[in-house]
Amino acid sequence: MSIRLSVDIGGTFTDVVLSQLGHLTTTKVLTTHADPALGVMTGIGAVLERSAVSPSQIDLVLHGTTLATNALIERRGAPTALLTTAGHRDVIEMASENRFEQYDVNIDRPAPLVPRRWRVGVPERMTFDGQILVPLDQSVLTSALDKLLSEGVKAVAIGYFHSYANAEHEQQTAALIAQKYPQLSVSRSSMVCPEIREYERLSTTVANAYVKPLMSKYLSSLAEQLRSRGIKAQVLMMTSGGGLTTLAAAAEYPIRLVESGPAGGAALAADIARAAKLDQVLSFDMGGTTAKICLIDQGQPQHSRSFEVDRSYRFKKGSGLPVRIPVVEMVEIGAGGGSIVTVDPLQRIQVGPASAGSEPGPACYGRGGEAVTVTDADVVLGHLIPDGFAGGSIQLSAARAEVAMGSSVGQALGLDNQQAAYAAAQIVEENMASAARAHASEWGKALHERCLIAFGGAAPLHAVALASKLKINTVRVPPGAGVGSALGFLRAPIRFEVVRSRYMRLGGLQAAAVAAMFAEMRAEAAQVLMDAGVDVAAKSQVREQRQAYMRYAGQGYEIAVDLDALSTTDEAAFRGGFEVAYTKLYGRTIPDMDIEVLSWTLALTAPQLGQIESLATNDDDTDKHATGERELFDGQTWVKAQVMPRAQLVATEQYAGPMLVIEAQTTTVIPAGACLEIEQDGTLLITLGGRP
Amino acid sequence: MNELKIQLAWNRLLAIVEEQAQVLMRTAFSTVVREAGDLSAGVFNVSGDMLAQAVTGTPGHVNSMADSVAKFLRKFPLSTLMPGDVLLTNDPWDGTGHLNDFTVVTPVFRDSRCIALFAATSHVADVGGRGFGPDANDVFEEGLCIPMSYLFKAGVRNEVLLDILKANVRDPMVAEGDLYSLTACNDSGATALRDMLDDLKLHDLDALGAVILQRSRSAMLAKVAELQAGEYAYEMTIDGYDTPVVLSATVTVSAEGIGVDFTGTSPVSAKGINVPLPYTQAYASFGVRCLVGNDVPNNAGSLSVIHVTAPADCLVNARPPRAVSARHAIGQMLPDVVLGCLHRVLPQAVPAEGASCIWNPVFMSTLGAESDRLAHLPFVINPIFNGGTGARPQKDGLSTTAFPSGVRTTSCEVNEATSPLIFWRKEYTPDSGGAGALRGGLGQTIEISHRFGAPFIVSKMFDRIRYPARGRAGGADGRPGRVYVMQEGEPLRDLPGKGRDVIPQGARLILQTPGGGGVGDPLARDAEKVSADLEAGLVTERDDGDF
């Protein structure tokens, strides 16, 4: 398998990368929101033409899309109903009953995806250990469904109490719908998210149901258009968990497709880490609106099972819709090139989370944007060259950036323009450093031994400054940073994760039941991998990870404990594994306290076939920039810096800052004291000087 | 100090205390700390003025800890402190209002000079005595009190104190663990602070602290200056322990700041709902801070603009040895009283009264015969339920949402997995939000029985059962809360809001949390909102003759 196509649909751009024996052809086209497959086909047409590859030669298509996320954020999903246990139809609206912002009496809680009139309480009841307390009342079900159908409902989420322990009632309900109402799209909580905690499980199931009709339609339309273009290759979809899955699994669990772009970025960084044998990496992805930071140890991004879609209040935890799906764990803050810089009544510079976006955009875009942004600061400091920004598509105005910086920040603080810009850049970098420190501390990890891998349009501008704040010594900027997610898809493994909730005290561990459950989970995951073309029987190819989510009895949060490293599956081994994990996070254990398990996960992972190892330079960035010199402001004074187009850098050479490396999609800032080398694959390797 | 350095250092200081709080939340053993964020963390200058505080936490802690460090410094003057010292108290009057809250203070040294102190507070599940609840007659019955003392002296653990502590609480392992967690979070703050000073080439926090306090105070004073000066009074009656109590306040707005005085409030109670003054100050200033300068960071500078006073021996200024364990039952009502006063000066910003105090029943097993073990498996769970908040002047109230507390509710499925109770219902109570042009938030109905039909115990600290949350400007009151027992063949039996009851064999317990008050004339409500409420079943026509 040698020719692969990778497509990432983002909010603004659709990126397409064709990989041919390690040679990359890339393009960026505008996302076509009405029918996203159109933009995809345009992009594919462009790369095929440039690379002179015929459609039938393509062996595999990799795809990630932000469509599901956008449908959730913009509330554009299908009219969806929820069938739930009688007495609990408000679960998804009551949520956690807390306020995510202590001092604001005017906050709004996120609107539920299913209005109350379409949330039906069905007489039935299970217990946490799967006993039936009240049998399912099918007659209530049919009359409710008749009514929902007549009101235009297209999708149904089924979420009964404790269905993770006994799915019988959900199955009966789904069977009845399949038989009598085959036009309805159905999502069952016992399949989408078979985990204890009704709010999170139902929120996930409802979100899945809400985007399912839309995503099924899109995925089949895409498959159809690929076929008619002569592309017969299999399509694998990128998931939030950082792995690829089949179209069938994606259509069944579209909620797992949210956040696939950032997951692709993390997959890229993880692959670079593996190739360069870097044990500890911090990936740093900074775009127009947000920055995302992810810890990658031993070539594996940090995973978790909780994510929030649409944090509508300043990206604050709790202001979005929780979904329990496998995700690459990362911290996201409102700090991007478009983030707006203001001065508050206490004369403090504040950056973000409000963003000028791409319309009207930063002041220097000259499209009517008045607010001063991080990008404007970059221009004032000399870091961004007004000519040739975004491949020459936008001519930046240094004068507008200066004026906006002066009027919004400089005058309020009595600073001249370059000092104000320097302060703004420092604050946004400090915000990102704080987020990284807090994230590392939350996971019990250290930062300073790491290598920072930077991608995304704005990251290389701030990467070295961020590394310096975090006492990180080396920074890598891979080639093609502007299409990092699509590159990541080419490097992502094929992966499927299955979860089950089965409550157990370690004191009464039922090893045989656990083994049987894992066998069932493995079969489910193996099926998806086989469908994706993986030879599951080949042990060397497939990695299996089992985890238990455990806690001391009565505690509020579970921690993930790897079970693979345990030699046996008895109580003592489980306890030992838990204590190791607990100590790593919290520094100590509590002897003699009972331990309980709430959930279990199993993931199978296999590499893509024909994966390339090289990040060979792409071909469309024929840089118009010339080598030269430019003045940069370093906080005290203006210093002369060398300017080099990335394409002209020589692998055997060593360069010293201050220096700017420019390319179509981004600029890398190398300050005085740092030096630059070029790796064989074109990666910029920056070493910070004078740091311990 | 140049402006940029001030900016960076202040920003960094806020991040440091936030991380300090995260460490505390991660490492605490008490569920209420981890799950509900019942904690606070902050950094202080060497005079004991709070410079920065984590936003994480609950208001009752947030502001009472602010005064605590200065009290420590009076007993242990700066000149006597050494590297490795860690101080501790759970005295309700020196800390944050009841014995369950432990405050740990750690001085930070640089070049053998104390340059700052970190303080953190968290709720420890058990401190001996009767256990957490309102039923004690004095503070001695409520458990062990540790006056301000050394937890570590020059790095050496105070073994005597720890032995006494462990001998007096029901879960010594957890209590000790929580003290370590407090110590660890202060240590992480200290390390981060030293790094920050190195990075920014600062010797101490003196110059930075002065700027922070001065700018915060000025920003608050500027906000206060926007208000019409004058005296604004408000009064609210609530259920109390067994007899109704009056909470009365006068807010004085002047050029010097905002005064809140609780003269006119009922006298102390014989039971454990009394409030020590620091906790009163905490919730009263929270009430002010939600509306006035809510974007100014919380520190000694911004807090210095608010002065909270109460006559001695009134309910909100109880002195030792009054019982104070359930002081939150009254304390969480105080923001409503302060908001009531402020309504007179900020009519367009103040919500109506809400359910306010959380409903946090404790459910426990009864002791049964040895032969009937299945039905009498021992359990204790402490779920949290909320009522509705008052309608806001531009928006409806929030249904089933904690205010002023910052807690989260727990999952019914998890409650059922960790106890033999079945939660048959947990749903909005239709028509419980006070009608108005803007409707109050709805309360909820919770219906519980024992899975095996056995009796079980409920311990209650509920309010607003007799006295509902009142509406404003023509808005109706929220529906009051209710607690009752449903048993086949018997009439419904109401229970009082406070104290302990046994729910008999085979019976169901029904809790109805209070709704929030409405704002404005119900007839002036937007027609679309009326029909949306009807369609959703949040309001039923039966109760609204006007439609």
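**A helix and its surroundings**

Mentor: The buried residues of helix H5 of chain A are His169(A), Glu170(A), Thr173(A), Ala174(A) and Ile177(A). They lie on the same side of H5(A), because together they cover an arc of only 135° around the axis. Please keep in mind that this is a predicted model. The opposite face of H5(A), turned away from the buried side, carries the exposed residues Ala175(A), Ala178(A) and Gln179(A). As for its dimensions, H5(A) consists of 13 residues, 168-180. From its first C-alpha to its last it reaches 18 Å, close to the 18 Å expected at 1.5 Å a residue.

What covers the buried residues of H5(A)? The cover includes helix H4 (138-150) and helix H6 (189-192) of chain A. It also includes several strands of chain A, among them E5 (80-85), E7 (125-126), E9 (155-159) and E10 (185-188).

Two of these strands deserve attention. E9(A) and E10(A) pair in the parallel sense, over four bridges. Within this pairing, Val156(A) stands opposite Val186(A) in E10(A). In a regular strand the side chains alternate between the two faces of the sheet. In E10(A), Ser185(A) and Ser187(A) point one way, whereas Val186(A) and Arg188(A) point the other way. All four of these residues are buried.

We may now turn to the domains of chain A. The assignment gives domain 1 (3-72 + 217-237), domain 2 (78-212), domain 3 (339-426), domain 4 (494-606) and domain 5 (628-687). Between the C-alpha centres of domain 1 and domain 3 of chain A the distance is 35 Å.

Strand E2 (residues 13-20) and strand E3 (residues 23-30) of chain A run antiparallel and are joined by eight bridges. One of the pairs joins Ser19(A) to its bridge partner in E3(A), Leu24(A).

The contact takes 54 residues from chain A and 63 residues from chain B. On the side of chain A, helix H7 (198-228), helix H12 (417-442) and helix H16 (571-586) each supply at least two residues. The largest share, nine residues, comes from H12(A).

For chain B, the assignment gives domain 1 (3-217) and domain 2 (351-547). The centres of these two domains of chain B, taken over C-alpha atoms, are separated by 35 Å. Nine residues of domain 1 of chain B are in contact with 11 residues of domain 2 of chain B. On the domain 1 side of this contact in chain B, the residues are three nonpolar, four polar and two charged.

Chain B also has an open sheet of four strands, in the order E13-E12-E16-E19, with antiparallel pairing. Strand E13 (380-381) and strand E19 (498-503) of chain B stand at the edges; each has a single partner strand, so one side of each is left without a neighbour in the sheet. Strand E12 (residues 362-365) of chain B pairs with E13(B) over two bridges. There, Phe363(B) has Ile381(B) in E13(B) as its bridge partner.

Terms used: Residues numbered from 1 in each chain as written. Chains lettered and ligands numbered in written order. Predicted model: local features only at pLDDT ≥ 70, side-chain atom pairs only at ≥ 80, totals over all residues. Expected span 1.5 Å × (residues − 1). Buried ≥ 20, exposed ≤ 12 C-beta atoms within 10 Å, placed from the backbone. Arc of directions from axis to C-beta. Contact = placed C-beta atoms within 7 Å. Domains from an automatic or database assignment. Nonpolar A, V, L, I, M, F, W, Y, C, P; charged D, E, K, R; others polar. Pairing = 2+ DSSP bridges.
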